[in-house]
Amino acid sequence: MIEMIKVSKWFAAFQALKEVDLAVGRGEKVVVCGPSGSGKSTLIRLVNRLEAHQEGRVIVDGVELTDDPRTIDTVRREVGMVFQSFNLFPHLTVLENLTLAPVWVKHVPRKEAEETARELLARVRIPEQADKYPSQLSGGQQQRVAIARALCMRPKLMLFDEPTSALDPEMIKEVLDVMVELAREGMTMMVVTHEMGFAKTVADRVVFMDGGRVVEAAPPAEFFGAPKTDRARLFLSQVLGH
Amino acid sequence: MRWLRDNFFGGWASGVFTVVLILLLWKTLPPFIDWAFLDAIWKPDPKACRAAEGACWGFIAEKHRFILFGTYPYELHWRPAIATVLLIGLWVFSAFRRFWRWWLASVWLLGLTAIGVLMWGGVFGMRYVENERWGGMILTLLLTTFGLAFAFPLSILLALGRRSDMPVIRALCIGYIELIRGVPLISLLFMASVMLPLFLPSGVSIDKLLRAQIAMILFAAAYLAEVVRGGLQAIPRGQYDAAHALALPYWRRTCLIILPQALRISVPPLVNTFIAFFKDTSLVLIIGLFDLLSTIKVSIQDRAWTGFGVEAYLFASLVYFAFCTAMSRYSRSFEHR
């Protein structure tokens, strides 16, 4: 589904990613973790070209991402993304947030798009909020709307960039529950998160990054049970320690 | 009493200020009321006006037709009068949110056509009046309406172009905005009225009103573009990320996500610029068009009535003030949504 080959990325003189190799198979759930500044957000943003890589290759569902806008467009139609800060459109209602892309990008008839949207709102357990504006919802509800919005495009792959980091603790669970459910249904997922509990239950593989490199990649049992590197051990003790 | 003390004598600075203000009003307000009302002459009689101490409102009464309609043929004043009411009506009508539908555009088209027919005439047995003779209130309103109607969309394109990834477009937009902003409106109007005809091939002529209108549109667009750009810059990056991630192409992203938010943020400075533009239309005076302020200026040059400039300008101020206050009040109700 995703294939990254020796990918490097610079922000001006700062190298954010250093020859990263990573492959995510269809249906696989990969959790990416690591200290802040390790390049994990940059890595996930490469997948739908919110950031452009400078060296190496990124291939998503058989399409190699290049400067050609057509490749970018093709990939973005297949890939859903959920952000740390929700990024809902504040001037539109929840329902409008959900139907916008299907109607304007995929030219789904409005009525059909609304039906799909309401189904998905039910799935993320907020069917009654359809006509509210994002600012009227709690953080947890907003993030679930954001998940539903991404799902409205019927993506083959979902990217989550620290989906629970901006949430109050009591709201984290309601978002994670939705994500777990999504994983059980077989969605291919790439998740940047510090929620190690989520990684343990859901992930097929945990990728640990530090300093722009993938330091370790292993199934959760192995990664949490016997981390190979000192760096990962230190990180885990900090994350799980409290 | 308590309210009085809290609000007007809350501290020594506030107390001193209140006393000074009361003294100032005491000195200025009664004489003004004497001048403006008690001693004022309301009859259009220049002799009585000169003899009296107070204001000469008779002057306004005498000249109001010329002030409002300029050099438009006297016996046909009913035409610009209806046109003025129609245009103001269109604005008021459009102010109601419940009328913000697609058909509002047709209402405007219909209204403007009616105004055009009334002003030009030449059909339905109405006498043709060339637009060199249009003047007064309707000219001010038309210059503002058409000026904003064209300048605003143009400014949005300029603001978007200024933030474009394409270097040529960006450079063109920056060049345009900086060039126009660096030049006073007066010189643009002079250029439009004096220099532009020199560049046009012989035989082709654009009338004075249209040239002035184009100059004003170009001018307003540059200023509005910077206001819109301010709004665009206030949109958080996450909004762009989300729109990109949903594969929304450029124009959909811009029209559905970015502009609705950016323009809402820009309402106060936009209205500020609109108001400034409304008042700037008075500069067409210098190229010989008779807008509201120009007609007043001409009125006070009448031999029989020299010396009543204060009354005339006070009247003009009141008219401008009424329009500008209406605009700003409306924009405030808009911000609170």
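Reader: How many salt bridges does the rule find across the interface of chain A and chain B?

Author: The rule finds two of them across that interface. The model is predicted, with local features needing pLDDT of at least 70 and side-chain atom pairs counting only at pLDDT 80 or more, while totals for chains, interfaces and linings use all residues. Residues are numbered from 1 along each chain as its sequence is written, chains are lettered from A and ligands numbered from 1 in the order in which they are written, and side-chain values use heavy atoms, with hydrogens and water left out.

Reader: Why is the pair A:Glu51 and B:Arg237 called a salt bridge?

Author: The name applies when a side-chain nitrogen of Lys or Arg is within 4 Å of a carboxyl oxygen of Asp or Glu. Here the closest N and O atoms of A:Glu51 and B:Arg237 are 3.0 Å apart, so the pair meets the rule.

Reader: What else joins the two chains, and how many residue pairs are in polar contact across the interface of chain A and chain B?

Author: Eight residue pairs are in polar contact there, both partners being at pLDDT 80 or more. A polar contact is a pair of N or O atoms within 3.5 Å; within protein, one must be able to donate a hydrogen and the other to accept it, and residues adjacent in sequence count only if both atoms are side-chain atoms. On the side of chain A that touches chain B, the elements giving two or more residues are α2 (69-78), β6 (79-82) and α3 (94-104). That side has 12 nonpolar, four polar and six charged residues (nonpolar: Ala, Val, Leu, Ile, Met, Phe, Trp, Tyr, Cys and Pro; charged: Asp, Glu, Lys and Arg; polar: the others, Gly among them).

Reader: How many residues does each chain bring to the contact, and what area do chain A and chain B bury between them?

Author: Chain A gives 22 residues and chain B gives 17 residues, where contact means heavy atoms within 4.5 Å. The two chains bury about 1700 Å² between them, 64% of it on carbon and sulfur atoms. In chain A, the residues losing the most area to chain B are A:Phe89, A:His91 and A:Trp104, together 32% of what that side buries. Buried area is the accessible area (1.4 Å probe) that two parts lose on being put together, summed over both.

Reader: What makes α3(A) largely enclosed by the rest of the structure?

Author: Nine of its 11 residues are buried, so the helix is largely enclosed. Buried means under 20% relative accessible area, exposed over 50%, and partly exposed in between (1.4 Å probe, protein chains only). Among the buried residues of α3(A) are A:Val94, A:Leu98 and A:Pro102. The buried residues of this helix pack against α4 (110-123) and α5 (139-151) of chain A, together with α12 (250-265) of chain B. Helices (H or I, at least four residues) and strands (E, at least two) are DSSP runs, numbered from the N terminus.

Reader: Is A:Phe86 buried or exposed?

Author: A:Phe86 counts as buried, at 11% relative accessibility. A:Phe86 too has a positive phi without being a glycine, near 65 degrees, and it lies in the loop between β6 and α3 of chain A.

Reader: What makes A:Ser8 count as buried?

Author: A:Ser8 has 1% relative accessibility, so it falls under the 20% limit. This residue belongs to strand β1 of chain A. Its side chain reaches the backbone nitrogen of A:Glu19 at 3.1 Å. Leaving out residues up to four places away in sequence, A:Ser8 touches several residues, including A:Leu17, A:His53 and A:Glu55.

Reader: Now chain B: why is B:Arg211 called buried?

Author: Its relative accessible area is 11%, so B:Arg211 is under the 20% limit. B:Arg211 is in helix α10 (residues 208-233) of chain B. Beyond residues up to four places away in sequence, its contacts include B:Ala192, B:Leu196 and B:Ile206.

Reader: Which residues does B:Val319 touch, not counting residues up to four places away in sequence?

Author: B:Val319 touches B:Met137 and B:Leu292. B:Val319 and B:Leu292 are 27 residues apart along the chain, and their C-alpha atoms are separated by 9.2 Å. B:Val319 lies in helix α15 (residues 309-335) and counts as buried at 15% relative accessibility.

Reader: How many helices and strands are there in chain B?

Author: Chain B has 15 helices and two strands. Of its 337 residues, 41% count as buried.
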